[in-house]
Every structure is written in structure tokens, then in C-alpha cells.
Amino acid sequence: HQGWLQYEIDSDLMTPADAWRVRLAQPVIELPQEVVEGALVEVRMGGETVLQGRLDERVLTVAKGQHELHLSGRDNAGILLDCSGPVLSITQLTLEQIVAKVVRPLGITRIRIDAANAKVREKVNTEPGDSAWESLRRAAEANGLWPWFEPDGTLVVGGPRYDLPPVDTLLLRADGKGHNLLRLAAPRSVVD
């Protein structure tokens, strides 16, 4: 689908699931059968995949002369937030084994561990009621790492790579020429 009236993508390394929203309005919208809650989604901008995830919610509004469709969802981390992790009490597991035990039962199969020295954990305990994301995050943090999803849907557990050149530079110029930021807010407050 293309020609959306509005789209929004929220992405933050510290927020587990990147969110997306799109809106479409036409005289008549006929939804394909595949557009159902839980459906796999690939969000592209300019032909480039920016995230893969699932459709969480759809709202079709019908009014005289116009239909409006709102779709929203999250990347693949959404399922890790929504589902409980397995209850584990195991010894001598590598980070790769811990991650696999937490996420593979939820359908996440593309996993990359970017760690030079991931430790073997003497004992791994997860608590009943913990989300899969909480279990994954704790395992990553025990090794000084953090989990995130790449745009292609790959779960990465890693850390910063200071040996690589910057991916891009954000530019905001007062004269409005040659910058690549649309908007920047710098709030300051004495409240808190």
C-alpha cells in the first residue's frame, strides 16, 4: 500500500518497541483479508525497509463520501513486551543460549549477538510474570549489552561500536539551508 496521508514512526533505542502509525482516506476503502490484527507488517520509506513488526490496531471509519483507515503497530519487540517469558532456573548458559530460550518460543528466529566476551552465566533465573523483554534485557545487561531490533527484523544484542564511522550527522542551521532536521525542541524547566 502507498499514498498514505500521514505516517508516524517512533524510534528510540531505550524504548523496547518502535511504534508506527499510518492514515489513509479515500472515497471507498476495501480492506484486503490480510489486514487483520497481528498480521506481519513491513514499513518502508522510499523503498527502504525501516521496520518489521505486527499490526496492533486498525480503525476503519466510514462517513458519507469518505472512508478513513488508521493502522498502528510496533516492531518485533512488541511481542516480547506483551508475552511472559519462560520461567527458567538453569546453570551454565551462554548469552546466546539464554536469548534463544527467551525469544525463539515467541517466533523470533533471526538473532545476532554482537559481543566479544559474552560470559557464561553460572545460574540463570527468571521470575514468573516477567515479560520476555524483561528477561532478555536482564540477560543483555548482565553482559554490559542492550537488545534492539534492526529494520530487517533481526534481534541484536550488542553495544556501541566506536570503531565504526558515524552513520549520519544531524544538521540544523539557523538559515534553514542544508539541514536535515525538520524540527528540534530543547525544553528547559525548573519543574521536577
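A: In this predicted model, strand E4 and strand E5 (residues 66-75) pair in the antiparallel sense over 10 bridges. Here two strands count as paired if DSSP finds at least two bridges between them; helices (H or I, at least four residues) and strands (E, at least two) are DSSP runs, numbered from the N terminus. Thr 61 has Glu 68 in E5 as its bridge partner. The two strands form a hairpin with 2 residues between them, and Gly 65 in the turn has a positive phi of about 80 degrees.

E4 (residues 48-63) is also joined to strand E3 (residues 40-45), by 6 antiparallel bridges. Within that pairing, Gln 52 of E4 is the bridge partner of Glu 42. E3 and E4 likewise form a hairpin with 2 residues between them, where Gly 46 in the turn has a positive phi of about 60 degrees.

A further set of strands forms an open sheet of 3 strands with mixed pairing, in the order E7-E10-E9. Strand E7 (111-114) and strand E9 (146-149) stand at the edges with a single partner strand each, so one side of each is left without a neighbour in the sheet. E7 pairs with E10 (residues 155-158) in the parallel sense over 4 bridges, and Asp 114 has Gly 158 in E10 as its bridge partner.

Residues are numbered from 1 along each chain as its sequence is written. Local features need pLDDT of at least 70, side-chain atom pairs count only at pLDDT 80 or more, and totals for chains, interfaces and linings use all residues, while side-chain values use heavy atoms, with hydrogens and water left out.
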